[in-house]
Amino acid sequence: MSFTDLGLKPELLRAVAEKGYDTPSPIQREAIPAVLSGRDVLANAQTGTGKTAAFVLPILQKLGAPQPGAPRVLVLTPTRELAAQVAASARDYGRFVSQLRTVVIFGGVSEKPQIEALRQGCDIVVATPGRLLDLAQQRQLDLRGISCLVLDEADRMLDMGFIHAIRQILKLLPAARQNLMFSATYSDDIRALANRMLHEPVSIQVAPRNATAERIDQKVYKVAKEHKRHLLAHLINEGQWSQVLVFTRTKHGANRLTQQLEGAGIRAAAIHGNKSQAARVRALEDFKAGRITALVATEVAARGLDIKELPYVVNYELPNVPEDYVHRIGRTARAGGSGNAVALVSQDEASLLRDIEKLVKMSLPVAPAPAFAVPPPAPAGSESTREHTHGNGHRPSPRPQGSWQPRRHGGGRAPGARSQGGGSYARGARRSG
Ligand code: AMP
């Protein structure tokens, strides 16, 4: 099947061809015709499956000519990064279509430019729920013209506590509209929201990541918590990894690890919710451009990061939710490539590892950790990460595979509502109720 078979118009096909896509991904094959037909959609799909194009392309088609005024399409996303990325995709895929305007709204930055952008009128708004609700309540934004609502990464929005904002936003939307909901996981809360929001949806299930995980070389190193950073520095330096996305559980942990990696001579930056938008954008650009080697991220901040051909993903700490593991490693080996996923697992994480293995229905290969240098504890009050010659320089015999102990070697420094049925989203085309 090709994109031509999906009923997309030539301008969109041209944009797709210029992106270099030859075949639609499974979610695109199913979602594009469903959206074009005007049905509501409930799709179980993760980042990396091509889900953005799966809703953006048919939406652009249905929008038709620009009607800059109150927006006709609203896309809600959990993070600013994802919002920016969806908007970029809308502009990108829509570049041969007439001048449709997309405005991005998110919190953590000044409202003023966003209000100004809304005043100029637009066709699509891509937003995080909190700021959107703020602006709507201040009457800076009229949501009565919305004929299509998309909830992207709905599960993540609920995890982040956006349910209240979403419910409020739903009240401001016209009842007659098309609804598309994308979620990587289906919890009871997601089902409840879907039941309430979607009208006889087309249900789409694309192969979960774990079914395609053969392309990802997964490896577990069992290592004591306090030695993880040394092992990671060793892996990066010895393996000459040029680009690695590292997941930590907390923002504080991300900051600390970033400093520790820098202490080991590795260029690193942290990306998480406490960083300013500018700092996050800069870190991401530096990472993409190869100016930094390790991007240390928390789960939430990494959502929606679109980094092409990421060769290494490290779970520095295992996530509490097993699905997140699958998500995280899905950052590598995207769009047909292959990649490496490494998990550093300490003893206290054994049960998290078991949960993940249950989910992916396979046991993850445990590799013996390579010998890495462990510096002696730094003097009290010092944050030194300098390597010291340790022990007597001999290399102890390797531990059995699966041990949580480091294999130390001394001597030397480790290197560094209702579907409206088909039709367009032209204003005035809606039915009420
Ligand atoms: P997404 O799941 O929307 O985050 O998309 C993941 C990545 O796949 C993005 O970098 C897209 O540019 C890319 N992509 C989307 N659709 C296709 C396709 N049909 N063929 C190849 N790459 C695609």
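Me: Which atom of the ligand does a backbone N or O atom of glycine 50 lie 2.7 Å from?

Reply: An oxygen atom: a backbone N or O atom of glycine 50 lies 2.7 Å from an oxygen atom of the ligand. The protein buries 84% of the 500 Å² that the ligand exposes when taken alone (accessible areas by the Shrake-Rupley method, 1.4 Å probe; for residues, only the protein chains shown count as cover).

This is a predicted model, where local features need pLDDT of at least 70, side-chain atom pairs count only at pLDDT 80 or more, and totals for chains, interfaces and linings use all residues. Residues are numbered from 1 along each chain as its sequence is written, and side-chain values use heavy atoms, with hydrogens and water left out.

Two further contacts follow. Tyrosine 21 places a polar side-chain atom 2.4 Å from an oxygen atom of the ligand. Threonine 23 has a backbone N or O atom 2.9 Å from a nitrogen atom of the ligand. Polar contacts here are pairs of N or O atoms within 3.5 Å; within protein, one must be able to donate a hydrogen and the other to accept it, and residues adjacent in sequence count only if both atoms are side-chain atoms.

Now the shell. There are 15 residues around the ligand (a heavy atom within 4 Å). Tyr21, Gln28, Gly48, Gly50 and Thr52 come nearest. By class, three residues of the shell are nonpolar, eight polar and four charged. Gly counts as polar and Tyr as nonpolar. Domain 1 (3-205) and domain 2 (216-430) each supply at least three residues of the shell; the bounds come from an automatic or database domain assignment.
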